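Work through the exercises below with the sequence and the model at hand. Each task is followed by a solution in steps.

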Amino acid sequence: MEINENQLSVLTENNRRSHERVRFYIQEALLLLMEEKDYDKIKITDIINKAGVSRSAFYRNYYWKKDILVDMCSRLAFEEDRIKATDDVMKNWEFIFEHIKKHERFYSLMEKNSLTGFLLDDMNKACSGLGENTFELILWNGMIYNTCREWIRSGMKETPAEMTTFIERQLRRLGDKLSW
């Protein structure tokens with residue numbers, strides 16, 4: 001039996017969709033388990049049982065449990081609502097707060113399990129080797145990370161707009177203090 005290019009294309013697309021579906025099941029299983037118990041107590045066996053996938057399907061997609069979280073962060077970062085950097089600093093803050101609020105479940109579970117630190121590490125890795133801009137960007141990363149982390153930790157009671165207004169007020173106050 002010979003397969004033509006069109007059939008091969010259909011098979012490739014079906015495999016890609018199947019692969020994405022398995023990854024989604026594994027990711028969702030981990031989040032459900034993180035709602036029930038601490039991340040450190042979750043085993044690969046727990047994840048595959050909850051996801052309804054085989055152990056080999058898990059290892060075709062992930063090597064470690066942490067790889068699932070890294071993949072999820074990557075997926076969130078490249079969604080349609082991804083944070084878009086603009087020349088408007090306050091608009092950037094607003095994008096960040098809106099993104100976190102939209103994915104509140106994920107970020108809250110990350111914080112609950114003390115897993116947000118690797119997000120800052122990834123942010124800082126992207127800045128290394130940029131010369132004199134490296135320290136400026138890392139300074140901003142720390143401010144963004146700590147502000148967002150505290151907002152998540154306190155239950156995100158403020159709206160993204162209220163948080164953006166707060167940041168703008170604080171940056172103005174800081175600017176006034178630094179104007180010698």
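**Exercise 1.** How close do the axes of helix 5 and helix 8 come, and at what angle do they cross?

Solution. The model is predicted: local features need pLDDT of at least 70, side-chain atom pairs count only at pLDDT 80 or more, and totals for chains, interfaces and linings use all residues. Residues are numbered from 1 along each chain as its sequence is written, and side-chain values use heavy atoms, with hydrogens and water left out.

Step 1. Locate the helices: helix 5 covers residues 89-102 and helix 8 covers residues 133-153. Helices (H or I, at least four residues) and strands (E, at least two) are DSSP runs, numbered from the N terminus.

Step 2. The two axes come within 11 Å and cross at roughly 40°. Axes are lines fitted to C-alpha atoms, for helices over the stretch in contact, and angles run from 0 to 180 degrees between N-to-C directions.

Step 3. Classify the angle. Under 35 degrees counts as roughly parallel, over 145 as roughly antiparallel, 65 to 115 as roughly perpendicular and the rest as oblique. Helix 5 and helix 8 are therefore oblique to each other.

Step 4. A crossing is right-handed if the near helix is turned clockwise from the far one by less than a right angle, and left-handed if anticlockwise.

**Exercise 2.** Which residues of helix 5 and helix 8 meet?

Solution. Step 1. From helix 5 come Val89, Trp93, Ile96, Phe97, Ile100 and Lys101. Contact means heavy atoms within 4.5 Å.

Step 1. From helix 8 come Trp140, Met143, Ile144, Thr147, Cys148, Trp151 and Ile152.

Step 2. Sorted by type, the residues of this contact of helix 5 with helix 8 are eleven nonpolar, one polar and one charged. Ala, Val, Leu, Ile, Met, Phe, Trp, Tyr, Cys and Pro count as nonpolar, Asp, Glu, Lys and Arg as charged, and the others, Gly among them, as polar.

**Exercise 3.** At what angle do helix 4 and helix 6 pack, and how far apart are their axes?

Solution. Step 1. Helix 4 (residues 65-77) packs with helix 6 at about 145°, the axes being 12 Å apart. The crossing of helix 4 and helix 6 is left-handed.

Step 1. Leu69, Met72, Cys73 and Leu76 of helix 4 make the contact with Phe106, Tyr107 and Met110 of helix 6. These residues of the contact of helix 4 with helix 6 comprise seven nonpolar, no polar and no charged.

Step 2. In helix 6 (residues 104-112), the buried residues are Phe106, Tyr107, Leu109, Met110 and Glu111. Buried means under 20% relative accessible area, exposed over 50%, partly exposed in between (1.4 Å probe, protein chains only).

**Exercise 4.** Is Tyr39 buried or exposed?

Solution. Step 1. Tyr39 lies in the loop between helix 1 (5-36) and helix 2 (44-51).

Step 1. Its relative accessibility is 7%, so Tyr39 counts as buried.

Step 2. Not counting residues up to four places away in sequence, Tyr39 touches Leu30, Met34, Lys65, Lys66, Leu69, Asn113 and Leu115.

**Exercise 5.** How many helices and strands does the protein chain have?

Solution. Step 1. The count is nine helices and zero strands.

Step 1. Buried residues make up 34% of the 180 residues in the protein chain.

Step 2. The C-alpha trace of the protein chain spans about 80 × 40 × 30 Å along its principal axes.
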